[in-house]
Amino acid sequence: MQSVPFLRPGKLPRRRTMVALVAIAASAGLCTILAMFQRSRVLSTSVRRGLLLRTCTAGRGGVCMAAGDVLRRMIPKGGKVAVIGAGAAGLSAARSLQDFTDSNLNISVFEQEGRVGGTWSYTDEVGEGVHSSMYKNLRTNIPKEVMPFAGFPFDKKLPSFMTHQQVLEYLDNFAEHYDIKRHIQFRTKVKKIVKTNPTGERGGWGVEWEEIETGDKHKDVFDSVFVCNGHYTVPIMPEIPGLSGFSGKISHAHNYRTPDEYKGKTVAVVGAGPSGVDISLEIAKYAKHVYRAQRGVTEVSTHKPGEIQTAPPITRFDGNRAVFGESAVVSEALDSVIFCTGYDYSFPFLDSSIGVKIEERAVTPLYRHLYFTKDPTLVFVGLPWKVAPFPMFDCQTRHAARSLCGMIPIPNQTQMEIARKEDEKMRFEGMGLPRRYYHQFGDLQWDYNKLLMEEAKIEKEEKSISIDLMRELYADAGMARRANPAAYRERNYQVNPDGTWSWNPSAENIAIG
């Protein structure tokens with residue numbers, strides 16, 4: 001039988017159906033099983049975790065996809081590990097390498113800014129070389145109750161939906177509390193990473209970096225590299241016919257900071273993800289007219305003063321006017337277009353000889369969206385998106401730190417490649433996802449986190465809520481966001497000692513069907 005690492009959850013089937021599904025899986029092909037699941041929408045927690053996450057592949061030598069068969073120390077005791085970036089992912093990596101191994105590792109964190117925080121470190125500056133995508137009035141779109149690193153909760157006095165300043169302060173406190181800053185070399189930019197033993201032996205990474213202030217250059221060889229440079233820095237700008245003839249301002253959410261410059265303007269916001277919704281709502285308070293072009297909309301809505309006019313995707317530009325959808329409705333003359341169309345992955349410091357590729361926003365070849373299959377001492381933290389990031393970083397970095405130090409098993413290269421190909425086949429053929437959604441997790445994140453925790457033998461820490469409770473709160477906040485994107489952040493959640501939760505009903509009036 002073929003391994004199926006992750007699938008989209010559905011409704012709970014009856015016990016008899018579950019047994020039948022497992023029996024069918026023993027003989028059916030992968031795509032047949034997936035097509036059946038997609039048609040029936042039947043996929044329980046027990047099937048998802050028992051069949052889909054723990055499946056071993058019969059044939060091919062009976063390779064087990066879930067864990068691996070031997071303990072292998074890939075980082076020697078006292079070995080050197082390079083961590084690229086001191087944002088949330090990099091801080092999590094440094095803490096896991098420092099506190100969750102028995103190896104007394106020599107950790108070097110390279111951070112190009114002068115402080116921790118990564119994208120959470122706001123700056124008014126925009127343009128080339130600016131890492132942060134924060135805008136001035138940003139607040140989180142998931143509640144603080146599902147955001148903390150394990151064992152280090154946010155201050156209970158904070159609102160559930162925090163400002164970026166409050167998140168940055170949390171990250172700074174985290175780094176201080178666990179004495180992580182002693183590992184960080186601030187204002188350093190990693191220029192190149194090469195494999196020093198390309199013959200197939202694991203480990204051996206040549207890292208070259210530069211001190212930004214002085215221009216001094218350095219290099220050293222490390223046993224492992226954790227890539228934690230984030231993926232909210234390189235904007236994706238779609239190619240739309242006629243855009244080159246648009247004479248107004250063209251920008252991306254990465255460079256948006258405040259709505260002031262759009263006062264009295266006619267603006268088209270392209271995209272309805274979190275940034276597209278937030279930015280269009282904020283600009284609408286100042287602009288003369290705001291269109292929001294988005295997938296899933298087939299007609300241009302009626303324009304009401306002060307409200308956002310939703311429209312189908314822009315098919316082309318005719319001078320300074322946008323043409324929407326198949327109906328070819330034409331906008332007013334636009335002053336500005338803001339693309340809220342996401343970001344691409346970028347690792348400019350990785351030498352091409354290493355073999356890491358980015359194909360339509362899919363980073364490959366990786367096992368578990370984490371380990372480079374050709375040499376798992378190269379680790380990529382935080383690639384999945386549409387997730388609660390900090391808890392996932394925790395699970396990923398603890399798993400990686402413990403596996404590379406020989407504390408838990410990890411598959412060999414052949415096993416990892418088989419699992420990777422099955423994961424891609426499941427997502428692209430079985431679930432019908434376009435390649436650009438390869439790292440999109442959504443509800444898959446919770447079983448992914450659980451699996452990593454179990455394999456890494458991570459116990460639930462005191463002060464940490466359960467993954468199942470995180471799942472519930474995350475889902476509830478998502479429903480509230482979709483029902484009333486302008487007001488959902490007024491909710492304040494309360495997690496009770498018995499594991500139940502509630503939210504403050506007086507903060508807003510949201511009706512959710």
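Modeller: Let us begin with two helices: H7 passes H9 in a left-handed crossing. The model is a predicted one, in which local features need pLDDT of at least 70 and side-chain atom pairs count only at pLDDT 80 or more, while totals for chains, interfaces and linings use all residues. Residues are numbered from 1 along each chain as its sequence is written, and side-chain values use heavy atoms, with hydrogens and water left out.

Biologist: Which residues make the contact of H7 with H9?

Modeller: Contact means heavy atoms within 4.5 Å. From H7 the residues are Pro391, Met392, Cys395, Gln396 and His399, and from H9 they are Gln445, Tyr448, Asn449, Leu452, Met453 and Glu455. They divide into 6 nonpolar, 4 polar and 1 charged. Here Ala, Val, Leu, Ile, Met, Phe, Trp, Tyr, Cys and Pro count as nonpolar, Asp, Glu, Lys and Arg as charged, and the others, Gly among them, as polar.

Biologist: Why is H9 described as largely enclosed by the rest of the structure?

Modeller: Buried means under 20% relative accessible area, exposed means over 50%, and partly exposed lies in between (1.4 Å probe, protein chains only). In H9, 11 of the 12 residues are buried, so this helix is largely enclosed. Among these buried residues are Trp446, Asp447 and Lys450. Over the whole chain of 513 residues, 54% are buried.

Biologist: How do you know whether the span of H9 is close to the expected one?

Modeller: The expected span is 1.5 Å times one less than the number of residues in the helix. H9 (residues 444-455) reaches 17 Å from its first C-alpha to its last, close to the expected 16 Å. Helix H10 (residues 467-483), with 17 residues, reaches 24 Å, close to the expected 24 Å.

Biologist: With which handedness do H4 and H7 cross?

Modeller: The crossing of H4 and H7 is right-handed. The axes of H4 (residues 88-99) and H7 (residues 389-404) come within 8 Å and cross at roughly 40 degrees. Ser92 and Arg95 of H4 are among the residues that make this contact, as are Phe393 and Asp394 of H7. The contact divides into 7 nonpolar, 3 polar and 3 charged residues.

Biologist: Is Asp102 buried, exposed or partly exposed?

Modeller: Asp102 has a relative accessibility of 42% and therefore counts as partly exposed. Asp102 lies in the loop between H4 and strand S2 (106-111). Leaving aside residues up to four places away in sequence, Asp102 touches Arg73, Lys77, Cys405 and Met407.

Biologist: Are Cys228 and Cys395 buried or exposed, and how many disulfides are counted?

Modeller: Cys228, at 4% relative accessibility, counts as buried. Cys395 is likewise buried, with a relative accessible area of 5%. A disulfide is a pair of cysteine sulfur atoms within 2.5 Å, and by this rule the count comes to 0.

Biologist: What is noted about the phi of Arg368 and of His369?

Modeller: Arg368 has a positive phi of about 60 degrees although it is not a glycine. His369 has a positive phi of about 55 degrees, and it is not a glycine either. Arg368 is buried, with a relative accessible area of 8%, and His369 is buried at 1%. His369 lies in the loop between S20 and S21.

Biologist: Which residues does a cis peptide bond join?

Modeller: The cis peptide bond joins Thr364 and Pro365, with omega at about 0 degrees. Pro365 is placed in the loop between strand S19 (362-364) and strand S20 (366-367).

Note on methods. Axes are lines fitted to C-alpha atoms, for helices over the stretch in contact, and angles run from 0 to 180 degrees between N-to-C directions. Helices (H or I, at least four residues) and strands (E, at least two) are DSSP runs, numbered from the N terminus. A crossing is left-handed if the near helix is turned anticlockwise from the far one by less than a right angle, and right-handed if clockwise.
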